[in-house]
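Try each task before reading its solution.

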Amino acid sequence: MILTSASKKEIFKKHGFSKSEKDTGSPESQVALFTDRINHITAHLKENKKDFASQQGLIKLVGKRKRLLSYLMSTNIDRYRAILAELNLRK
């Protein structure tokens, strides 16, 4: 999966809760980007069950997203709850 800059901007615009379209560093933007990549890799692994390299990459992405979400929970619980509700994540 190759994410073009246009698709990244669309993800940041839709899920980023950002102040501007170029705000790529906020935890919400990064969680939205990781979630999109996780969904894509999950769909890939449903078809290719023996692709262990992608499986390892998926586990690393889930860990990164988990760390970002725990940071967001410790700093601002309202933003944490908002991103969970918008991305339909359960915690």
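**Exercise 1.** Does Gly57 count as buried, partly exposed or exposed?

Solution. The model is predicted, so local features need pLDDT of at least 70, side-chain atom pairs count only at pLDDT 80 or more, and totals for chains, interfaces and linings use all residues. Residues are numbered from 1 along each chain as its sequence is written, and side-chain values use heavy atoms, without hydrogens and water. Next, take the cut-offs: buried is under 20% relative accessible area, exposed is over 50%, and partly exposed lies in between (1.4 Å probe, protein chains only). Gly57 has 27% relative accessibility, so Gly57 is partly exposed. Gly57 sits in helix α3.

**Exercise 2.** State how far apart the C-alpha atoms of Gly57 and Tyr80 are.

Solution. Along the chain, Gly57 and Tyr80 are 23 residues apart. Their C-alpha atoms are separated by 24 Å.

**Exercise 3.** Describe the fold along the sequence.

Solution. Count the elements: 4 helices and 0 strands. Helices are DSSP runs of H or I with at least four residues, strands are E runs with at least two, and numbering starts at the N terminus. The pattern reads α-α-α-α.

**Exercise 4.** Find how much of the protein is buried, and its span.

Solution. Buried residues make up 31% of the 91 residues. The C-alpha trace spans about 40 × 30 × 20 Å along its principal axes.
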